[in-house]
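Some questions about how the parts of a folded chain are held against one another can be worked through step by step. Please look at the sequence and the structure shown here before reading the answers.

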Amino acid sequence: MRPAPVRWLVLVTAAGLTLAACASGTSNDNSTDTDESDDNAAESGSAFDPEAELEGELSIMGFGMGDEIAQVRYDEAVSVVDPVEVSVAEGELDIQQFLSSVATNDPPDLIRPNRDQIGTFASRGAIIPLDECVDGEGIDTSMFREAAIGQVTFEGQLYAIPEFNQVQITMANSELLDEAGLTLDDVDGSSWEAIEAATEAMHQKDGGKLSVIGFDSKLPEFLPLWARANDVALLSDDGRTAQLDDPKVVEALEWAVGIYDMQDGFGTVKAVRDSADFFGNGNQFASGELGAMPMEQWYVNVLNDVSPDAPLAFSTVKSRTGETIAYSSGSAWAIPAGSANPEAACRFIKTMTATESWMKAAEARAEARAEDDKPFTGLLTGNAVADEQIYDAFVEPSGDEKWDAAIEATYEANEHTVSLPANPADAQFKTAWQDAVNRVLNGQQEPQAAMEQAQEEAQAALDEAWAAWDED
Amino acid sequence: MATTSTSPGAPSDTSALRAKRISRRRNTRAALLFISPWIIGFLVFTAWPIIYSGYLSLTNYDVINDPEFIGLDNYQRMLEDPKVRLALWNTFYFTVLQVPLYVMVSLALALLLYKAGRSAGFFRTAFFLPKMTPPVAVGILLLLLFNGQNGLINTVLSWVGIDGPAWTTDPTWVKPGLILISLWSVGSSVIILLAALQNVPQELYDSARVDGANWWQQTFKITLPMISGAMFFIFIVNTIAAFQTFTEAYTAYFGAGNTTYSNDAALFYVIYLFQQGFEFLNMGYASAMAWLLFLIIMVFTALQMMLSKRFVYYEGEQR
């Protein structure tokens, strides 16, 4: 007979392992559960009906009610799905938390991810196609922007409905431009040679140290923008082939890095950039430390709030052939596989992204801005109809030329957006090209070699992910 | 007075033994009952995940779909993955430089505190306070302190005529910057070493002084041997922590501090493991990486334990 301590240990171990097995979210049984959930969701397609009575609960992950734009639409959506009890885990979507919940068959009923995550989620079966939702609830997808829809369409099926939209515009310090005898045309991207000349003219040193950045090409994040300006995309339209070592991509990278080299290198420019109070009244434009850069349109609101009197000028970003270009990004709404209430989720999505909801939200924002004696700078959504109606109804000349120019540039950029297609290895793809750009910026590799390595890494990741998808 | 004597194995002897055994069994049972919550917690939340990660390391697992058994492919892939080699090199570099520096700085501060007299209490608190700073904040602090243009470090260096490097972007200086910022949390080790210093018997110093020993001789012949146990503890714990370093470097170069900018020089092993598991969803590969790190740490810890027999003195230990 075993001694008592051993017997106890065996008993406790057995109990622990049994409990652990019960708690496991990755057992083989799980696949059955998930499959069943998929089936349930699919079967529930017949219930996607705008007249159908809803019931139960609706849990949402990845949404926050930080401002009136969110709150007004949320209130509207909650009233539409009444008597469904809606709960929100506020904050950005935590991918690990979300995927774990799907794996353990206990997902939220609705999520709000970034659009560039849709391909990864869709390819792994973490979210369901919305075709039945769209048909059943009568969501008019034609009102959404093509670039935004492209980001949430995977292998021909729609997996999410676009919400907000972000675009890039050119922002500049008008005083520095004037002092150098330059105009916005010199820094809007239409001529890379002009930007080089402007960088040379506007950057300044104090005691041998860089004190004013002439032009910031915003690497690594804006390589896709400069590549597009050079008439090439980083990824093929079907999302299967990386084009990172395309000569035009390498050329764009060489040029954008060269802008930093003219100003003592990226390390120096980044150090000046990092020491600025980006969100405060000591921002680079207000303090006269930056000549020009491309930037997302939301920064206009920041500048308007913290330094309304700063000498600013705005324009769109242009390609080398002079056309306005912008990369579209933003959030979207999707229904997880295994959602317990896809009908309520679908109707909630429909309301959150409907033109009427956006109009009410924009009205609330415009009123709030008016109370603060600040201009309403518009609202960019994935819904083109809503954007147009909001612009017509609420955007008015502010009386300040620079802010009006910012609004005009924003809306013009919004009409010329492109995006990378959904793909199942988005994170690896992005890491591959960003790491390559960073290696060049850090002086570890030349652009050609860096992009060749990135091409290999990205293509390997894409091939593996697509192979898994194609097998299924 | 009559005396009774019993031979071994007599009935009274046996019953005493039995009573003793029953008592011991009861005590064991009670002890196990009291620690069973911890045992269950350990089994469910530590032992089982460790065992399960061993299984996952032999699979292709994307967190959502079922793990697919692929044998040793993940381990084979690690051998061919240049980023694993890079991450291992960065981690070894960091560990080899950071751990001795950390211990030396801790010891130096503890020795100063030991001599501080009545103000020791204030400085003890002052040294420990930075330890309370969340590591994420330390990561952001790194970017501010070590900013190549306007950071405090380079500003101070410029006072003595040194043109400081680009700590946060130059690959040569990224790891030294991370090593230096790790000294921010040296306070806990200082407190442990100070406690050890205060336990060194004063008579030893008195005898040494009578024999004419100076401060250096007292430190190397008495102080260091007497606190070698505490120093070894700090050494081993920090070696393990250095192999697992993550938060400060991730925040500064891969996370909140730089959402798009990164630097290969800061790609430590656990950061790459995290990327594979939680960003790229290659949880099987990440599990294999975790097991390799476990083996590396185990080997280094075993080596340190072996060396400790030669260099570490424990009071009351028989040699």
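This is a predicted model: local features need pLDDT of at least 70, side-chain atom pairs count only at pLDDT 80 or more; totals for chains, interfaces and linings use all residues.

Q: How many residues in the contact of α3(A) with α15(A) are charged?
A: On the side of α3(A), the contact is made by A:Glu68, A:Ile69, A:Val72, A:Arg73 and A:Glu76, while α15(A) brings residues including A:Trp358, A:Lys360 and A:Arg365. When the residues of this contact are divided by kind, seven are nonpolar and one is polar, and the number that are charged is five.

Q: Is A:Asp216 buried or exposed?
A: A:Asp216 forms a salt bridge with A:Arg273, and their closest N and O atoms are 2.9 Å apart. A:Arg273 lies in helix α12 and A:Asp216 in the loop between β9 and α10 of chain A, so the pair ties together parts that are 57 residues apart in sequence. Buried means under 20% relative accessible area, and because the relative accessibility of A:Asp216 is 0%, A:Asp216 counts as buried.

Q: How many residues apart in sequence are the parts that A:Glu251 and A:Arg320 tie together?
A: These two residues form a salt bridge in which the closest N and O atoms are 3.4 Å apart. A:Glu251 is partly exposed at 34% relative accessible area, and A:Arg320 is partly exposed at 31%. Since A:Glu251 lies in helix α11 and A:Arg320 in the loop between β11 and β12 of chain A, the parts tied together are apart in sequence by 69 residues.

Q: Which helix of chain A holds A:Arg369?
A: The side chains of A:Arg369 and A:Asp305 meet in a salt bridge with an N to O distance of 3.0 Å. A:Arg369 is buried, with a relative accessible area of 11%, whereas A:Asp305 is partly exposed, with 35%. The pair links distant parts of the chain, 64 residues apart, with A:Asp305 in helix α13 and A:Arg369 in helix α15.

Definitions and conventions:
Residues are numbered from 1 along each chain as its sequence is written. Chains are lettered from A and ligands numbered from 1 in the order in which they are written. Side-chain values use heavy atoms; hydrogens and water are left out. Contact means heavy atoms within 4.5 Å. Helices (H or I, at least four residues) and strands (E, at least two) are DSSP runs, numbered from the N terminus. Ala, Val, Leu, Ile, Met, Phe, Trp, Tyr, Cys and Pro count as nonpolar, Asp, Glu, Lys and Arg as charged, and the others, Gly among them, as polar. A salt bridge is a side-chain nitrogen of Lys or Arg within 4 Å of a carboxyl oxygen of Asp or Glu. Buried means under 20% relative accessible area, exposed over 50%, partly exposed in between (1.4 Å probe, protein chains only).
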